[in-house]
Amino acid sequence: MCFIEISDVVKRYDNRLSVDHLNLNVEEGEVLGLLGPNGAGKSTTIGMICGLIGIDSGEIQVGGVSVRQKPMEVKRMLGLVPQELALYNKLSAEENVTFFARLYGLRGALLKERVREALEFVGLEDKAKEQPATFSGGMKRRLNIACAIMHRPKLIIMDEPTVGIDPQSRNHILESVRLLNRMGSTVIYTSHYMEEVEAVSSRVAIMDKGHLIACGTQQQLRERAAQQERIILQASPVSESLLEELREHPHIGRVEAEGERIAMYLPSAQRTLQDVLFICARHQALIASLECEAPNLESLFLNLTGRTLRD
Amino acid sequence: MRTIVIVALNQLKRTLRMRGVLLNMFLLPLIIIFLLGTALSGAEDIGSGTGGTIEPITLARVDNGAPSVLVTDFLGQEGVSDYMKTVQAESREAIQEMLRSGEVSYALVVPPDFDQNVYSGGETSLELIRGKREPDNQIAESILNPFIDTLNDRIAAVKELGPQVLMAYSNDPTPRVRVQDGALGARGENYTTFQYYAASMLVMFMMYAGMTLSGSLNGERDNRTLQRMYAMPIKPMHLFAGKVVAAGIVSGMQALTIILVSKFLYGVDWGEEPWMLVGVCLLMIAFTMGMAVAVTLLTSSHMQSVSIIQAIIMVMTFLSGGFFPFEGWLQRIGMFTVNHWASESVLRMMLHQPTGRIGASVAVLAAISGVLLLISLALYARKGYAYE
């Protein structure tokens with residue numbers, strides 16, 4: 001069942017198109033990994049789903065409710081974990097969660113129970129009385145999550161929740177995402193880290209320059225990426241004639257050269273490797289190192305957009 | 001309504017945990033009132049709540065001829081000798097030396113045949129020599145000038161009407177001058193330095209609550225908590241109102257602290273119109289909140305807002321005579337500041353002036369605050385409180 005339905009959504013800032021006729025569905029109970037480099041339109045899309053940013057045209061429905069027509073109703077259903085820490089340093093962890101819980105309308109015994117539950121969930125129950133100023137980066141990130149989930153939202157939107165934290169806290173957060181999903185929440189998870197998205201998402205959507213350029217299960221995307229293996233070699237000298245011959249090879253899709261480093265994108269490295277070595281030998285290029293990369297989402301992204309996620 | 005209360009309580013809790021803010025808003029004004037009040041007033045004025053008394057000054061007198069009976073009688077009068085002690089000098093040079101050394105404050109040179117010339121309507125003149133201290137000069141001249149004016153009247157009368165007119169003065173041969181404290185208030189009271197600075201610092205520091213509000217509005221934006229709250233089912237107007245209410249409460253607490261502590265610790269008399277005083281404080285809160293909202297919505301960063309609000313507070317306090325009272329054109333410019341009308345209202349209460357006169361100042365203050373509040377509301381409606 002479709003929980004979020006984004007239909008032909010457009011958002012402009014002055015003359016710049018930030019989101020360009022975006023169509024995307026998120027199924028109920030799934031974790032959707034939303035990938036894209038800076039300026040891809042991820043944050044604008046999230047902002048429009050949350051009712052933070054107005055939609056120029058198109059329609060977004062969350063749980064069958066139009067964001068444009070009933071923003072308050074939609075906001076009641078969701079919990080946003082912003083990319084940057086959104087906490088009060090002068091309040092304790094417990095006071096932070098309590099304040100936001102009150103704004104969601106919780107009160108009395110239920111309020112106390114949900115605050116305790118949220119702190120327990122992120123592993124900060126014994127730090128409840130301490131102020132975030134004394135916390136590590138990872139603990140602050142976890143508190144940032146607690147402030148968004150204490151009202152048990154149907155939809156949780158996490159905008160790069162692991163930026164700048166240690167591996168232990170990252171694992172804790174990723175495990176939390178999986179647990180929240182098992183508890184019934186639909187999650188949209190954005191990140192620059194492909195491996196995180198691969199670890200938690202059931203489906204992945206890739207955005208670039210306001211467009212959705214790929215969307216599917218990890219398996220579907222891997223199959224697509226499988227046609228995009230990569231050979232990277234360090235050779236010397238790298239002559240123009242060498243590069244030209246590599247480019248003319250019928251099984252090599254694209255060749256990029258930077259100094260003595262040559263990267264080739266091709267459907268099958270195994271089948272073409274012998275030819276590559278032969279061409280290098282013919283041009284008297286000595287090979288210092290050679291690497292064959294298996295297909296992954298990163299290489300798919302690179303191939304689709306011509307740049308890496310963290311560009 | 002619930003959201004406003006939740007946001008206001010949260011803001012209050014955080015503000016009251018900021019030691020720097022508390023010191024600046026609650027302790028600093030009391031220290032400044034004490035320092036200015038002590039430095040710029042006589043010790044006996046502190047806490048008296050009534051008009052300051054005039055310290056007697058010393059007048060050096062030299063008679064170039066037989067001592068003048070008219071002058072001697074005048075200077076010996078009760079009400080004159082209380083404020084001006086007289087010492088006899090031998091010569092004009094001696095007087096100059098005494099003035100230079102500060103031994104005396106003012107000097108009077110009586111010409112020869114002074115009394116005779118007065119009685120005959122002839123030409124004569126007293127020479128007045130000013131000393132080094134302006135306040136003493138003013139006291140001496142405020143005593144001597146009426147005496148000289150009266151003598152001039154007599155000389156003119158004798159000249160025009162003849163010596164028989166002297167019969168009219170026979171019952172009062174020496175002009176009488178009464179010297180008394182200025183009666184600025186209805187009860188003949190004058191405000192003390194402590195009262196003056198308590199009023200001006202109350203007004204100035206209440207305006208600093210605007211910086212707290214601006215800081216809190218910008219702080220939510222910088223903290224990204226505003227973005228989080230805008231993704232919650234609350235109305236931005238309620239959130240905004242909660243912040244304003246919290247800053248208003250802090251400002252009210254600050255006013256109450258300044259008034260009560262200065263009253264009981266420094267003995268400042270705030271008058272007998274408590275509700276009027278509450279009204280002035282509420283109007284100042286309204287003005288401050290309006291100013292902070294307008295500046296915050298018109299600027300793009302916290303630093304910008306703070307700098308502008310700080311500049312407004314300093315310039316208005318200065319022009320209104322909050323640091324030192326002005327006369328002339330600066331005083332006239334000061335009348336265009338909110339500080340002037342707020343301080344004026346409070347000072348009139350301190351002087352126990354009629355309610356109507358106090359009300360006139362309060363009405364101007366209300367008009368200024370009202371206009372600024374309307375401007376800030378219009379700005380909010382137009383620009384909103386954006387989260388980035």
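This is a predicted model: local features need pLDDT of at least 70, side-chain atom pairs count only at pLDDT 80 or more; totals for chains, interfaces and linings use all residues.
Student: Which residue of β14(A) is the bridge partner of A:Ala235?
Tutor: Residues are numbered from 1 along each chain as its sequence is written, while chains are lettered from A and ligands numbered from 1 in the order in which they are written. Helices (H or I, at least four residues) and strands (E, at least two) are DSSP runs, numbered from the N terminus, and two strands pair if DSSP finds at least two bridges between them. Within β14(A), the residue bridged to A:Ala235 is A:Ile287.

Student: How many bridges join β11(A) to β14(A)?
Tutor: β11(A) covers residues 229–236 and β14(A) covers residues 286–293. The two strands run antiparallel, and the number of bridges joining them is seven.

Student: How many of the eight residues of β14(A) are buried?
Tutor: A residue is buried if 20 or more other C-beta atoms lie within 10 Å of its own, exposed if 12 or fewer, and partly exposed in between, with C-beta atoms placed from the backbone. By that rule β14(A) lies largely in the open, because among its eight residues the number buried is zero.

Student: Which residues of α10(A) are buried, and on which side of the helix do they lie?
Tutor: Helix α10 of chain A has 14 residues, 269–282, and reaches 19 Å from its first C-alpha to its last, close to the 20 Å expected at 1.5 Å a residue, where the expected span is 1.5 Å times one less than the number of residues. Its buried residues are A:Thr272, A:Val276 and A:Cys280.

Student: What covers the buried residues of α10(A)?
Tutor: The face turned away from the buried side carries exposed residues, including A:Arg271, A:Gln274 and A:Phe278. The cover over the buried residues includes β11, α9, β13 and β14 of chain A.

Student: How many residues of chain B are in contact with chain A?
Tutor: Two residues are in contact if their C-beta atoms, placed from the backbone, lie within 7 Å. Chain A brings 19 residues to the contact, and the number from chain B is 18.

Student: Which elements of chain A each supply at least two residues of the side that touches chain B?
Tutor: The residues on that side of chain A divide into 13 nonpolar, one polar and five charged. The elements that each supply at least two of the residues there are α2, β6 and α3 of chain A.

Student: Where in chain A is confidence lowest?
Tutor: The mean pLDDT of chain A is 87, and 96% of its residues reach 70 or more. Confidence is highest in α3(A), at 93, whereas the lowest mean, 71, belongs to helix α11(A).

Technical notes. Ala, Val, Leu, Ile, Met, Phe, Trp, Tyr, Cys and Pro count as nonpolar, Asp, Glu, Lys and Arg as charged, and the others, Gly among them, as polar. pLDDT is the predictor's confidence in each residue, from 0 to 100.
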